[in-house]
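Here's a quick briefing on a predicted model. Have a look at the sequence and the fold, then read on.

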Amino acid sequence: MSGTPEVIGLFPTPFMRIAGALDRPLVAGLVSHFSAHARTLNNSSANLSHTTMLKPSDSPLLVTAATVITPMLSEFGALMFGERLPWALKEMWVNLLDTGGRQAMHNHANSFISGVAYLTPTHPDSRTVFMKSPGGTEFSFKNDHAGVVTGPYNAEKWVSPQPEPGDIVLFPSYIMHAVPPNPGERRITLAFNAIPTQLDSWGYKIGFSG
């Protein structure tokens with residue numbers, strides 16, 4: 001009698017989604033206040049603009065958002081580092097993605113956890129897409145045709161679930177991600193990066209402050 005095959009996903013990448021994390025009054029306040037402050041044009045898309053990099057102390061609205069987000073960082077950080085550490089929001093910024101705008105593939109440097117809080121409805125075609133990091137310059141072989149079934153072990157990208165206003169997602173900062181061209185109405189998000197106060201590798205400690 002043959003045994004039953006068992007498939008084990010080795011070294012999975014964590015992705016956390018918190019539905020309805022920000023309440024409606026806070027979401028409405030963030031949209032109203034920061035829509036007028038997103039004046040920095042994106043280098044890759046004329047229909048995408050951002051605020052400057054902000055700290056929670058820059059606005060009472062951001063203080064309230066940070067109060068909600070910070071405990072989530074500790075929970076997510078425990079998945080990455082095996083310990084609930086103190087975390088700090090390093091920077092926050094608001095993105096305004098108008099019809100036809102897109103966000104090019106990128107990741108976030110100088111941070112460990114990144115996240116997005118969705119503030120307005122998102123067209124299904126402009127959900128955040130996460131990709132495998134580009135490989136080296138060596139040749140590779142692929143099995144890629146109409147009959148291929150895409151799954152978690154052969155996919156090169158993953159489209160995140162349909163978000164609702166107030167939802168938050170967290171992911172490791174090194175993960176490449178992008179937003180396809182937006183065919184819908186203005187899409188507003190609050191993005192942020194976070195760092196732990198300290199990491200300890202068998203007594204060799206490194207601290208972060210700002």
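- I8 sits in the segment before strand 1 (16-18); strands here are DSSP runs of E, at least two residues, and helices are runs of H or I, at least four, numbered from the N terminus.
- I8 is exposed, at a relative accessible area of 56% (exposed is over 50%, buried under 20%, partly exposed in between, with a 1.4 Å probe and protein chains only).
- Together with L10 and F11, I8 makes up a nonpolar surface patch with about 420 Å² of accessible area (patch residues have over 30% relative accessible area and no salt bridge, and nonpolar side chains are joined within 5 Å).

**The helix pair**
- Helix 1 (residues 24-34) packs against helix 2 (residues 60-81) at about 140 degrees, with the axes 10 Å apart.
- That angle makes helix 1 oblique to helix 2 (under 35 degrees is roughly parallel, over 145 roughly antiparallel, 65 to 115 roughly perpendicular, and the rest oblique).

**A loop residue**
- T128 is in the loop between strand 6 (113-118) and strand 7 (129-131), and T128 is buried, with a relative accessible area of 5%.

**The whole chain**
- The chain has two helices and 13 strands, and 40% of its 210 residues count as buried.
- Its C-alpha trace spans about 65 × 50 × 35 Å along the principal axes.

**Ground rules**
- Numbering starts from 1 along each chain as its sequence is written, and side-chain values use heavy atoms, leaving out hydrogens and water.
- In this predicted model, local features need pLDDT of at least 70 and side-chain atom pairs count only at pLDDT 80 or more, while totals for chains, interfaces and linings use all residues.

Technical notes
Patch = residues over 30% accessible without salt bridge, like charges linked within 9 Å, V, L, I, M, F, W, Y side chains within 5 Å. Areas by Shrake-Rupley, 256 points an atom, 1.4 Å probe, with all protein chains shown as cover. Salt bridge = Lys/Arg side-chain N within 4 Å of Asp/Glu carboxyl O. Axes fitted to C-alpha atoms, helices over the stretch in contact; angles between N-to-C directions.
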